[in-house]
Amino acid sequence: MLPLLAQAEIPDIAWLPLVPHMVMAGAAVLLLTIVSLAGGRLPKWFASAWTTAAGLGVMATAIPVWIRVWRRGPHSTIADSIGVDGFSVFIIVLLAATVILTALIADGFLRREGVDGPAFYVLLMFSAAGGMTMAVADNLIVLFLGLEILSLAVYVLVAMHLRRAESQEAGIKYFVLGAFASAFLLYGIALVYGATGSLNLYAIAGMVDDDLSDNGLLLAGMAMLLVGLGFKVAAVPFHAWTPDVYQGAPSPVVSYMAAGVKAAGFAALLRVFVGGFGGLAGDWQPVVFGLAVASLAVGSMLAIVQTDVKRILAYSSISHAGFILVGVQAATDDGVSSVLFYLAAYAAMAIGSFAVITVVSGPGDEGAGIDGLRGLAARRPLLAAAFTVLLLSQAGIPFTAGFWAKFEVISAAVDARSFWLAVIAMLAAVVAAFLYLRIVVAMFLDAPDAGAPRLRIPRSPALAIAIVVLFTLAFGVYPEPLLNLADDALFNLWLTPR
């Protein structure tokens with residue numbers, strides 16, 4: 001036994017790139033331990049402040065990782081299973097930002113609803129740690145483990161409002177359909193391994209050539225991987241869970257799902273298909289083309305007939321997934337860069353929008369219909385103005401970050417000569433603008449209900465809304481810093497041997 005252990009090859013481990021992951025997961029474990037020992041002696045704000053500090057810690061520890069990438073170039077660690085590159089650092093910082101903003105939104109909501117606060121924050125951090133693992137995965141098994149860590153925590157978050165039957169129903173739907181999606185993903189990984197003999201994405205990218213272009217086993221594996229990841233990003237036809245889950249889940253959870261879970265899903269999609277299967281882009285681009293068109297059409301058209309704002313934003317999320325898929329379909333550096341910019345812009349828009357819904361909807365999220373927003377400008381003019389900015393950004397109105405996000409993905413499609421997809425995306429943007437303006441009209445032109453209660457806006461959600469509105473306007477007027485950051489995130493990604 002000892003000689004065998006002596007001969008075992010121990011992989012080299014670069015600890016610095018793993019520090020952000022350890023901070024996020026370690027903070028979750030420590031919070032759970034502290035709450036278990038201290039019990040009710042902790043102040044109510046402690047868990048939220050702890051989670052915010054953990055997110056800031058992840059951002060701080062990501063800076064030296066970014067510097068290391070620029071000095072050394074992209075590389076791998078732990079037997080080439082973890083990628084260290086600008087792309088992964090960008091997604092890690094984005095996920096940390098979503099955790100911070102979600103924690104700010106959730107503080108007042110959890111107190112209002114009487115939901116167990118510490119458990120929410122522990123699950124939120126564990127889920128983000130899984131998303132960070134997906135972003136750095138250079139190995140398909142590591143990718144699957146990250147996906148399961150992210151997903152299992154979110155299943156519980158969706159169903160944790162025990163006094164709302166809709167929340168538990170949403171959790172069951174998400175869990176059952178998510179299990180099917182995970183099965184597709186795992187079976188796809190098995191087929192890819194059978195076709196290539198490797199689970200490492202960089203090794204697979206080196207083997208993907210003309211000899212494998214007609215390999216049916218590999219193509220079947222790619223298709224199943226696309227099904228599994230398509231479920232996570234809510235792309236049509238894998239979107240059926242989205243409206244019901246968004247409507248039933250607690251609003252702060254939906255804000256994290258729309259921003260963080262979607263970012264992690266697209267990070268995995270880019271790393272697998274553009275990175276690992278980039279040599280077979282001609283095989284998967286037509287499929288992604290179809291997913292993008294279907295998502296744009298279904299998301300834009302069905303959102304118009306909804307009356308619940310959370311369902312409207314759910315279908316809007318599907319439409320935005322279609323726009324992001326436009327950038328993925330380009331399969332170019334410009335396409336990937338546009339996706340990163342879009343993910344950052346959409347995270348701000350989605351979190352801010354659901355923060356407003358959290359404040360307006362009242363106890364039990366019962367006031368999430370459009371009727372609950374009527375006359376909001378008369379009751380809370382600043383809140384209505386902030387929501388208007390976020391909605392106009394989602395519509396792609398100039399001088400907002402959403403405009404540049406749509407412009408970048410459509411430009412990438414045009415550069416890749418996907419002209420029809422660019423035209424369809426522009427038409428979908430026009431159709432989607434109607435539903436956002438419908439909400440704006442209700443807030444500013446309709447009279448408030450006579451019995452509408454006075455809105456109380458807690459400080460934490462107000463701070464989160466202010467941050468995302470400033471982000472949306474700042475990068476709408478001057479998008480170059482974020483665009484350059486997205487371009488820098490692709491520094492030699494997938495091109496330099498590791």
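## Overall fold

The protein has 20 helices and two strands. Its radius of gyration is 22 Å, close to the 23 Å that the globule rule gives for 498 residues, so the protein is as compact as a globular protein of that length. Please keep in mind that this is a predicted model.

Among contacts with a separation of 6 or more, 80% join residues 24 or more positions apart.

## Inside and outside

Of the 498 residues, 59% count as buried. The accessible surface comes to about 19100 Å², and carbon and sulfur atoms hold 69% of that area.

## A mostly covered helix

Now look for helix α10, residues 241-248, where six of the eight residues are buried. These are W241, T242, P243, V245, Y246 and G248. Their packing partners are α6 (140-159), α7, α9 (216-232), α11 (251-276), α13 (309-330) and α14 (333-361).

## A nonpolar patch on the surface

Helix α7 (residues 165-196) is also worth a visit, as six residues of a nonpolar patch, its largest share, come from this helix. The patch is made up of L152, I172, F175, V176, L177, F180 and F184, which together have about 660 Å² of accessible area.

Is F175 buried, exposed or partly exposed? This residue of helix α7 has a relative accessible area of 44%, so F175 is partly exposed.

How values were computed: Residues numbered from 1 in each chain as written. Predicted model: local features only at pLDDT ≥ 70, side-chain atom pairs only at ≥ 80, totals over all residues. Heavy atoms only, no water. Patch = residues over 30% accessible without salt bridge, like charges linked within 9 Å, V, L, I, M, F, W, Y side chains within 5 Å. Areas by Shrake-Rupley, 256 points an atom, 1.4 Å probe, with all protein chains shown as cover. Salt bridge = Lys/Arg side-chain N within 4 Å of Asp/Glu carboxyl O. Helix = DSSP H or I, 4+ residues; strand = E, 2+ residues; numbered from the N terminus. Buried < 20%, exposed > 50% of the residue type's maximum accessible area, 1.4 Å probe, protein only. Contact = heavy atoms within 4.5 Å. Rg over C-alpha atoms; globule rule 2.2 N^0.38 Å.
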